[in-house]
Amino acid sequence: MNVTHPLSPEARRLHHHLTEPGAGHPHPWPDTSLLTATDLGHLLPLAYRTTGAGGPALSMRFAVEDAVRERQPEFTSASCLALYDALVEGLERRGWADVCLAAGALLRCPGGVPEAELAGPARVLTEFMVAHARFEEPYALLAVAGVAGVDGMGQPMDEPRESLAVAERDVVLGLDPAGRALVAEVGPRSFGSPPELPGVWDRLAALTPYADFARSALEAAEARLAAIHARELPYRADKAFSAAEVAALGRAARLALHCDAPWLPALLDSLLARVAVAPTAAKTLPSQALLFEIGRAVVRFPTPEAITALRAARAATRHAGVVKQLDRLIKKAEPGLADRVEVAFRMPDLGFGAGGRLEMALGEYTAVLAPGPGGEFELGWRQGGKPLKSVPAAVRREHPDEVKRLRELVKQVRRQVTTLCRALEAGFAGEMSWPYETWRDRIAGHPIAGTVAARLIWEAETAPGEWRTPAPGAEAASGEGRTLPSSSSRGAGRVRLWHPARASAEEVARLREAVTEGRVRQPFKQAFREVYPLTPAEEESAVYSNRFAGHIVDYRRLYAMFRARNWESRMLGPWDGGDTDAATRVLAEGRWRVSFHHDYLYDEPGEYATTDQVRFHRRDDDDGGWLESPLAEVPPLVFSEAMRDVDLFVAVTSIAADPGWADRGHDRHLAYWRDTSAGPLQPSGEVRRDALARILPRTAIGGRCTLTDRFLVVRGELRTYRIHVGSGNVLMDPGDVYLCIVPDRRRDERLFLPFEEDDRLALILSKAFLLARDTEITDEGILAQINGGA
C-alpha cells in the first residue's frame, strides 16, 4: 500500500477501490465520516488520479472529493508529494491543475513540507499554468511558484502601477510559500478546496507586511473616494475601483475586522459614507462592488461600529436596489455579533443619560428623546412641564437643523437597539453569558442597552453551574419590568438571558404572569418563547425528526423566510436538479448545523413545496468537518432554537394558514388544508394559547371568550365562533361552517401584547374582537357568510 501511517479500516477499503480497477461494488458502502484527517490526505491524490466513465472507483473518487470539500485533510510529507505528483500527471488530461489544493497542502502538513522534493513538480505545475494562462487562483499559483523557486512567474496584471491590487501582489511576492498560501486561503479558491483553514486569519494577521498593507490599502481607498467627492478625480459610476482592487480591499477589510483594529471604525465611517453616494445628484455610486464587498466582510466579522457604518451608508444611498442589498447584509451581520462576545456590545451612549433619556432645550421648548410605552425610542416635545403633540411651529422655524439632527438621532438609536436585540436573541443557542461586571457596564448599566435589558429576564450564576432568576416581586413586576440581577449579585460569576427550556413549568408560568401583569413588552419573545423538547418519536428515529414533515407550503414565501432568518438554501423549481434541497443554518458559534429538507411540488398549480426531515450535524474538532449527530446528543437549546425556526417556517407558509386557499387549491390537498387548519397545536400554538389565557381576561371581551385545547371560542350575538389558535382560521357553530375573514394587517396599539413578533396572535385577537361584537359588523361579505349559514 506504500503508506507511512496506519489507515483506518474505511480508508483501506476506499484505497482498494481507488487502486484496483477490477474491484467490485463495495458492500456496505464506505462511510466517509469514519475517515481521519490523515486518511483524507492519503486518499485525495488517489482520487485525483482516478478517471473513467463510471464504476466503483469513480464513485469512491467523488466520495473522497466531497469529504475533502467539507472537512480538513491533513498531509504527511509522503502524501503531500503524492498530491503534487498527481496534479502533474493530470495536467494534459485535464488541461489545468487545482493549484488551490497544492497551496492548501502547504498549510496542512504538520510534519513539515518537503520543499526540496516538491520543487520539481511545483515547477512543472507553474510553467504549465502560466503557459496556458490559467490564473483563476493567482495567489495559490504564486505559492506553488515559490516552492518551485520561480518567483518571477505569476499573473500579468492589467492594472496601473498605482493599483491597490498591484500593491497587494507586491506584498505577497515578498512572503515565503507558506505566507503566500495563507493569502491564497482567504482569496478566490477552487471548487475542490477544503473549508477555510481554522485560525487562518490569526496567522495572516501575524504577517506584519500583509497586516500593514491591509491598513494602508483601506486608507488609500478612503483617500481616493475623498478625492472623487472633492472633484479632484473624475467621477464615473461604479468605476472607482477595479475588480482586482475590490477583492484586495475585501481581504484587507476582513483582516482588520477580524483583528478588531482600533483605527478601523472611523475609517469605515468615512469610506462607506463616500462609497455609498455619488458626488453629484445621481443615484449611482462610486463603487457598488466595494460597498457590497465590505458589507460581506462585516457579515463575516461583525462589529457594532461596522454595522452602524453600514446602516449610515444605507440611509445615505439614493439607489433603491442598493438599499435592499444592504438591508439583507445588515440583517445577516447582526446575529453574527452573538459569536463575537468580546466586541458584540460596544455601544456609544450618544449623549443619553440614565433610563435612556436625552433632553435638549430649544428656546422655551424642550425636546425629549426617551423610550415610549412599548420600549421604542421616540422624540417628544414639552413646554414647561406640559407635553405637546407635535413639533412646535416656532422650533421648526427657528431650529430646523437641530430638529433634523434629533430625528436622525432617533433613527440611529433605534438602529442600535435593533442590532443589540438581534445579537442577544441569536446568543440563545450558544448559551451566551458574560462576567457580571461586563454585563453591568455594557448592557444593564448602559443608558441605551439598559432600556432593552430592563425588559428582559436574566439569571445570575451564584455558584458554578447554579443559576438564580430574580423573583417577580417589586423588581420583576414593576412598570419597567426589571427582572435584572441586583447589586447583591456582585459576587456572581456570570450573567445570561433566562430561557424557558432551562426552567420548571412553575417558574415559566410565574414569569409569564409577571410580564403580563407588569405590561412589559419584551423586545423579542422570551417569557413566552416556544420550547421544543425531544419527543419519543424523535428518540426512536435517532438521527432525524419528522415533526414538521409532510406539510404543503407556499414555496416562494418559504424561500423568502429562509433568507430572512439567515438560513442558506438553494432555489428550487421545475428545472434539472431543482426538485429537492436542505436549507441549513449554523448555530452556537459555529459548533452545530441544522438542515431542513424540502421538495418541490410539481403537481400543484402555483409554486409549492412539501416539507421533510430535520437533521443535525456537529463540527468535528479535529478537521472542522460536519458529522451527523443523534438528536439525543444535540444540546437542548440548539435543538429547541432550530426547531423553533422550522415551526415558524411551516406555520407561516403552510397552505393551512391561507384562509382563501380552499377556493383556489387543488382538490387532492383539500383534506390536508382542512385537517391542518384545525389540527393539534404545535409549540408555537401552545405558547400563543398561553398568552391568550393571560391577555383575554384583561380585555373587554374576556367574558365572551373560552379557550379549549386548540380553539378560542368567541360567543357573539348572532353565532358562536371557534378560532383555531394555530392557523387563525374560523369555524362557526353549528356545523363547523368555515368563515373567511381577510386579515386586517393593522395592529390595534391600544391592545397590550407581551412580545412583538407573533403577527398571528394579533390577528386572532382582532378576529375575536370583531366576532364578539358581530352585530356591529358592516362588511357585507362577512355578514353574508354569518347569516347565510344560520
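1. In this note, buried means under 20% relative accessible area, exposed means over 50%, and partly exposed lies in between (1.4 Å probe, protein chains only). The structure is a predicted model, in which local features need pLDDT of at least 70 and side-chain atom pairs count only at pLDDT 80 or more, while totals for chains, interfaces and linings use all residues. Residues are numbered from 1 along each chain as its sequence is written, and side-chain values use heavy atoms, with hydrogens and water left out.

2. Salt bridges. A salt bridge is taken as a side-chain nitrogen of Lys or Arg within 4 Å of a carboxyl oxygen of Asp or Glu. The structure holds 53 of them. In one, the side chains of Glu136 and Arg134 meet at 2.9 Å, N to O. Glu136 is partly exposed because its relative accessible area is 41%, and Arg134 is also partly exposed, at 25%.

3. Glu168 and Arg251. The closest N and O atoms of the salt bridge between Arg251 and Glu168 are 2.8 Å apart. Arg251 belongs to helix H13 and Glu168 to helix H9, so this pair ties together parts 83 residues apart in sequence. Helices (H or I, at least four residues) and strands (E, at least two) are DSSP runs, numbered from the N terminus. Both Arg251 and Glu168 are buried, the latter with a relative accessible area of 1%. Helix H9 spans residues 164–173. With contact defined as heavy atoms within 4.5 Å, and residues up to four places away in sequence not counted, Glu168 touches Tyr139, Val183, Tyr210, Phe213, Ala248 and Arg251.

4. Glu459 and Arg496. A further salt bridge joins the side chains of Glu459 and Arg496 at 2.6 Å, N to O. Glu459 lies in strand S6 (residues 458–463) and Arg496 in strand S8 (residues 494–497), so the pair ties together parts 37 residues apart in sequence. Glu459 is buried at 6% relative accessible area, and Arg496 counts as buried at 10%.

5. Salt-bridge network. Which residues are linked in a network of salt bridges? They are Glu425, Lys525, Arg529, Glu530, Glu641 and Arg644.

6. Helix H6. In helix H6 (residues 99–107), 9 of 9 residues are buried. The cover over these buried residues includes helix H2 (37–49), helix H4 (77–89), helix H7 (115–131), helix H8 (138–148), helix H10 (177–185) and helix H11 (200–205).

7. Leu637. This residue is in helix H26 (residues 636–653) and counts as buried at 3% relative accessibility. Not counting residues up to four places away in sequence, Leu637 touches Phe428, Ala429, Glu431, His499, Ala501 and Arg502.

8. Backbone geometry. Asp733 and Pro734 are joined by a cis peptide bond with omega about -5°; Pro734 is in the loop between strand S18 (730–733) and strand S19 (737–739). Two residues other than glycine have a positive phi: Asp238, near 60°, and Arg519, about 50°. Asp238 is in the loop between helix H12 (208–229) and helix H13 (243–259), and is partly exposed at 34% relative accessibility. Arg519 is in the loop between helix H23 (505–517) and helix H24 (536–541), and is partly exposed at 49%.
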